[in-house]
Amino acid sequence: MQSAQPRPGSGRRALVALPVAVLLAAAGCAPGSNDQSAPEQETVTATETAPVESSPAARTRDEGGFDNSNCSTDRTGQDITGDVHVRDGQTCLLSDLTVTGDIDVHSGGRLEVRNVRVTEDIEAEGHAFVLVSGGEVSGSIELEHGGEAVVENVTIGGSLESEANSGPQRFEGNTIGDDLECNDNTHTPTGGANRVAGEREGQCAGL
């Protein structure tokens, strides 16, 4: 019985296969591996933005819905913090309350306050109408280049000034801590019985 003879060339193929496997191992490759590089991973950074709160100056409406910067309604018995602005075409009616700040009446505005305490000034320029009846103004009342005005039975810490107004002016029964001064009004102001700690000047010298 004859022993099996090796096939011609089989030893050469085995020798050739060995160096190829060694080369692949040295290069860090494995059969069936993908030669395309793995895509780089993107790093996404989430930025959280804190909610923006409006400044106190920007918040003009109080809890009752009253808008200090545009007083076009009436308010009774509920105090107001901050300056009050009455603008063209608006009518602001305030009674039995305190305003912690100024009341500013702009051109064309109408203001009526009754038994109101104002911790600073009432300033009106170009106003259509102003009535201040009763109450207290810690600062001054200034009326300039406007229409009709009435100030009666008010305690005023500073001055009462009326200048270059086209409408009639009446000032009566007020207690004034500084001067009562009236100049260049179309109509001479009327009234009287004012107690004035300072000077009575101009068109109001007899009041």
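The structure is a predicted model, in which local features need pLDDT of at least 70 and side-chain atom pairs count only at pLDDT 80 or more, whereas totals for chains, interfaces and linings use all residues. Residues are numbered from 1 along each chain as its sequence is written, and side-chain values use heavy atoms, with hydrogens and water left out.

## Overall organisation

The protein chain contains 1 helix and 19 strands. Helices (H or I, at least four residues) and strands (E, at least two) are DSSP runs numbered from the N terminus. Of the 207 residues in the protein chain, 34% are buried; here buried means under 20% relative accessible area, exposed means over 50%, and partly exposed lies in between (1.4 Å probe, protein chains only). A contact requires heavy atoms within 4.5 Å. Among contacts in the protein chain between residues at least 6 apart in sequence, 3% join residues at least 24 apart.

## Disulfides

A disulfide is a covalent bond between the sulfur atoms of two cysteines. The criterion applied here is a pair of cysteine sulfur atoms within 2.5 Å, and a search of the whole structure finds 2 such disulfides. With the bonded cysteines of the protein chain numbered in sequence order, the pairing is 1-2, 3-4.

Cys-71 and Cys-92 form a disulfide with their sulfur atoms 2.0 Å apart. Cys-71 lies in the loop between helix H1 (10-26) and strand S1 (74-76), and Cys-92 lies in strand S4 (residues 91-100), so this pair ties together parts that are 21 residues apart in sequence. The torsion about the S-S bond of Cys-71 and Cys-92 is about 75°, and the disulfide is therefore right-handed. Cys-71 counts as buried at 0% relative accessibility, and Cys-92 is likewise buried, with a relative accessible area of 0%.

A disulfide also joins Cys-182 to Cys-204, with an S to S distance of 1.7 Å. This pair links distant parts of the chain: Cys-182 is in strand S16 (residues 180-183) and Cys-204 is in the segment after strand S19 (200-202), 22 residues apart. The S-S torsion of Cys-182 and Cys-204 is about -75°, so the disulfide is left-handed. Both Cys-182 and Cys-204 are buried.

## Strand pairing around S7

Two strands are taken to pair if DSSP finds at least two bridges between them. Strand S5 (residues 103-105) and S7 run parallel and are joined by 3 bridges; the bridge partner of Asp-104 in S7 is Glu-123. S7 also pairs with strand S10 (residues 141-144) in the parallel sense, over 4 bridges, and the bridge partner of Ile-122 in S10 is Ile-141. Strand S7 (residues 122-125) has a covered face made up of Ile-122 and Ala-124 and an uncovered face made up of Glu-123 and Glu-125.

## Nonpolar core

A nonpolar core is a set of buried Ala, Val, Leu, Ile, Met, Phe, Trp, Tyr and Cys residues joined through side-chain atoms within 4.5 Å. The largest such core has 34 residues, and those with the most contacts inside it are Leu-94 and Ile-103. Apart from its neighbours within four places in sequence, Ile-103 is in contact with residues including Leu-94, Val-84, Leu-111, Ile-122 and Glu-123.

## Salt bridges

A salt bridge is a side-chain nitrogen of Lys or Arg within 4 Å of a carboxyl oxygen of Asp or Glu.

| Salt bridge | Closest N and O atoms |
|---|---|
| Arg-114 and Glu-112 | 3.2 Å |
| Glu-172 and Arg-170 | 3.2 Å |
| Arg-170 and Glu-152 | 3.2 Å |

Arg-170 lies in strand S14 (residues 169-172) and Glu-152 in strand S11 (residues 148-152), so the pair ties together parts that are 18 residues apart in sequence. Glu-152, Arg-170 and Glu-172 are linked in a network of salt bridges.
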